[in-house]
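Please keep the sequence and the model in view while reading.

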Amino acid sequence: MENDEHFRRAFMFFDKDVSGYIELDELRDALVDESRETDVNALNDIMREVDTDKNYYKLYVSQILHFL
């Protein structure tokens, strides 16, 4: 149960609009570094690995769980 709560909180950190999925913009915002830049290579790597339906703009909980 503790892992489920940790995952839920982590997902909520990314899912800012509480839509039930993480949109590309939400992920991009979460990956901003100290210089206010996003590592585009890291963003592309995550999407390539996790975005199983290849819509390239949102990640569902099931896709993220499969990745973990």
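Leaving aside its neighbours within four places in sequence, D17 is in contact (heavy atoms within 4.5 Å) with E23 and E26. The model is a predicted one, in which local features need pLDDT of at least 70 and side-chain atom pairs count only at pLDDT 80 or more, while totals for chains, interfaces and linings use all residues. Residues are numbered from 1 along each chain as its sequence is written, and side-chain values use heavy atoms, with hydrogens and water left out.

D17 sits in the loop between α1 (2-14) and β1 (21-23). With a relative accessible area of 42%, D17 is partly exposed; buried means under 20% relative accessible area, exposed over 50%, and partly exposed in between, with a 1.4 Å probe and protein chains only. The side chain of D17 also makes a polar contact with the side chain of S19, at 3.0 Å. A polar contact is a pair of N or O atoms within 3.5 Å; within protein, one must be able to donate a hydrogen and the other to accept it, and residues adjacent in sequence count only if both atoms are side-chain atoms.

The chain as a whole has four helices and two strands, in the order α-β-α-α-β-α from the N terminus. Helices (H or I, at least four residues) and strands (E, at least two) are DSSP runs, numbered from the N terminus. An unreviewed UniProt entry annotates residues 2-37 as "domain: EF-hand"; such annotations may be inferred rather than shown by experiment. Over residues 2-37 the chain is 56% helix and 8% strand.

Of the 68 residues in the chain, 22% are buried. In helix α3 (residues 40-50) the buried residues are L43, M47 and V50. Seen down the axis of α3, they fall within an arc of 85 degrees (taken from the directions from the helix axis to the C-beta atoms), so they line one face of the helix. An α-helix has 3.6 residues a turn, so residues three or four places apart point the same way. N41, R48 and E49 are exposed on the other side of α3. At the start of this helix, a side-chain oxygen of D39 comes to within 3.0 Å of the backbone nitrogen of N41.

The largest nonpolar core has eight residues: F11, I22, L24, L27, L43, M47, V50 and L59. Such a core is a set of buried Ala, Val, Leu, Ile, Met, Phe, Trp, Tyr and Cys residues joined through side-chain atoms within 4.5 Å. α2 (24-30) and α3 are the elements that give two or more residues to this core, and α3 gives the most, with three.
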